[in-house]
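I opened a new entry for this chain. I wanted its contacts, its helices and its confidence on one page.

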Amino acid sequence: MPRSRINGNFIDKTFSIVANILLGIIPTTSGEKKAFTYYRDEKDPYDRSFILYNIGLIHTSNGEHTKALEYYFRALERNPPFLPQAFNNMAVICHYVRLSLL
C-alpha cells in the first residue's frame, strides 16, 4: 500500500475517533449526531476529492509545495474532470519552484 494511502487512512481514523469523543462531550441534538454519522460514513469520491483539494490549498498557502502537489494528485485521482483548478495550482507551483531554482 502506498505511503500516502496509509497516511490518509490514519488521518481519517484519527478524525473519526476525536469526533466521536467530542460528540460525547459536547451537548448535541440527536439530529446533529445523525448528520455527523452520515458525513463520516460518506465515501463519495466526488466529495472526498474536494476535501483533498482543500488540503492541497492549505499546504500551498503554507509553502509546503511537495505536500500540496501530493494532495492535488490524490484529488485528481478521484475526480479528474471536475477539478481543473487543481491542474492550474499544480502548474503554478511547478512554475514557482522552477523560478526559485534559477
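I began with contacts, meaning heavy atoms within 4.5 Å. Of those in the chain with a separation of 6 or more, 47% join residues 24 or more positions apart.

I noted the ground rules next. This is a predicted model, with local features needing pLDDT of at least 70, side-chain atom pairs counting only at pLDDT 80 or more, and totals for chains, interfaces and linings using all residues. Residues are numbered from 1 along each chain as its sequence is written, and side-chain values use heavy atoms, without hydrogens and water.

I then read the confidence. The chain averages a pLDDT (the predictor's confidence in each residue, from 0 to 100) of 80, and 80% of the residues score at least 70. Helix H4 (residues 65-78) has the highest mean, 94, and helix H1 (residues 3-25) the lowest, 66. Residues 1-6 fall below 50, and this stretch has 5 contacts beyond near neighbours in sequence. Where pLDDT is low, the predicted coordinates should not be read in detail.

I looked up the secondary structure. The chain has 5 helices and 0 strands, taken as DSSP runs (helices H or I, at least four residues; strands E, at least two) numbered from the N terminus.

I checked burial too. Of the 102 residues, 21% are buried, which is to say under 20% relative accessible area with a 1.4 Å probe, protein chains only.

H3 (residues 45-61) and H5 (residues 84-101) pack at about 25°, axes 11 Å apart. Phe-50, Tyr-53, Leu-57 and Thr-60 of H3 meet Gln-85, Ala-86, Asn-89 and Ile-93 of H5.

Note on methods:
Buried means under 20% relative accessible area, exposed over 50%, partly exposed in between (1.4 Å probe, protein chains only). Axes are lines fitted to C-alpha atoms, for helices over the stretch in contact, and angles run from 0 to 180 degrees between N-to-C directions.
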